[in-house]
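Open the model in your viewer and keep a selection tool at hand. The stops below go from the whole chain to single residues.

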Amino acid sequence: MLHKALVILHLLGAAAWIGGHIVLVLVVLPPALRARDTKAVLHFERGYGRVGLAALAIQIVTGSLLASKWLGGWGNILNFSVPAAHLVLAKLALLGVTLVHAGYAFHRLLPRLAAVHDTNGPAATSPLRRFALHAWITTMLAVLLLIVGASFRLGGIF
Ligand code: HEM
């Protein structure tokens, strides 16, 4: 029962994290880049920022508990005769890169977007492009986290 509740929470968190990033890169960013307008991006981040952070926190907590079950305890993380060990390591590596990218976008790039908020126009192009690049990388990492996650039950993708 607890395992089922953890999987459901993990899937809810994944839906919120991946869904939010897909809306950002496919719906919010393209017109913002065309118009060199930071407003829509800042507005989206003000609304989605907390939801995204909560979703990521849920993924880390539920993912760690699920990983411990699949491993038979964290002591087996480097025991490669346990089939789930390399999948958990892949998840942790992807999580690490995600935290670096998302943290950089949140703490460095968003304040730069806010700084050009009043000027917009050409001054906004470079910070917007850099933010878009990081948003795409974070989205791709999220999809990879989903694929590796599905591999636990599927016994691999190929
Ligand atoms: C944004 C981050 C993450 C996303 C989008 C994500 C997504 C997913 C998805 C979609 C599944 C498939 C669930 C199923 O088979 O029904 C899954 C499974 C899993 N994930 Fe994650 N995950 C994330 C972070 C993590 C983290 C940090 C860990 C910890 C190491 C983790 C550990 C696992 C485990 C152990 C499973 C297998 C659960 C099971 O089927 O019993 N995940 N993940």
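This is a predicted model: local features need pLDDT of at least 70, side-chain atom pairs count only at pLDDT 80 or more; totals for chains, interfaces and linings use all residues.

Residues are numbered from 1 along each chain as its sequence is written, and side-chain values use heavy atoms, with hydrogens and water left out.

**The whole chain**

Show the C-alpha atoms: they fill a box of roughly 55 × 30 × 25 Å, taken along the principal axes. Of the 158 residues in the protein chain, 39% are buried. Buried means under 20% relative accessible area, exposed over 50%, and partly exposed in between (1.4 Å probe, protein chains only). Switch to a surface view; the accessible surface of the chain comes to about 9100 Å², and carbon and sulfur atoms hold 72% of that surface. Such areas come from the Shrake-Rupley method with a 1.4 Å probe, and for residues only the protein chains shown count as cover. Among contacts in the chain with a separation of 6 or more, 72% are between residues 24 or more positions apart; contact means heavy atoms within 4.5 Å.

**The iron atom**

Select the iron atom of the ligand next. Which protein atoms are its donors? They are His10 (NE2) and Lys91 (NZ), lying 1.9 to 2.1 Å from the iron. Donors are N, O and S atoms within 2.8 Å of the metal (3.2 Å for Na, K and Ca); water is not among the atoms, so sites may look incomplete. Histidine 10 belongs to helix α1 (residues 2–35) and lysine 91 to helix α3 (residues 85–115), so the pair ties together parts that are 81 residues apart in sequence. Both histidine 10 and lysine 91 are buried.

Now show every donor around the iron atom of the ligand. The 6 donor atoms subtend angles of 81 to 180°, which makes the arrangement octahedral. The rule is this: four donors count as tetrahedral if all angles lie between 85 and 135 degrees; four count as square planar and six as octahedral if opposite donors are over 155 degrees apart and all others between 65 and 115; anything else is irregular.

**Two histidines in contact**

Select histidine 101, in helix α3. Its relative accessibility is 18%, so histidine 101 counts as buried. Leaving out residues up to four places away in sequence, histidine 101 touches His134, Ile137, Thr138 and Leu141.

Move to histidine 134, in helix α4, which is buried at 12% relative accessibility. With the same exclusion of residues up to four places away in sequence, histidine 134 touches His101, Tyr104, Ala105 and Leu109.

**Along helix α3**

Leucine 89 is also placed in helix α3 and is partly exposed, with a relative accessible area of 28%. Not counting residues up to four places away in sequence, leucine 89 touches Ile77, Leu78 and Phe80.

Histidine 107, another stop in helix α3, is exposed at 59% relative accessible area. The C-alpha atoms of histidine 107 and lysine 4 are separated by 35 Å.

**A nonpolar patch**

Colour Ile22, Val23, Leu26, Val27, Trp136 and Met140, which make a nonpolar surface patch of about 540 Å². Patches are made of residues with over 30% relative accessible area and no salt bridge: like charges are joined within 9 Å, nonpolar side chains (Val, Leu, Ile, Met, Phe, Trp, Tyr) within 5 Å. Helix α1 gives the largest share, 4 residues. Isoleucine 22, in helix α1, is partly exposed at 36% relative accessibility.

Finish at arginine 36, in the loop between α1 and α2 (39–71). Its phi is near 50°, a positive value in a residue other than glycine. Arginine 36 is partly exposed at 38% relative accessibility.

Then select aspartate 37 and lysine 39, which form a salt bridge with the closest N and O atoms 3.7 Å apart. A salt bridge is a side-chain nitrogen of Lys or Arg within 4 Å of a carboxyl oxygen of Asp or Glu, and by this rule the count comes to 1. Lysine 39 is partly exposed, with a relative accessible area of 44%.
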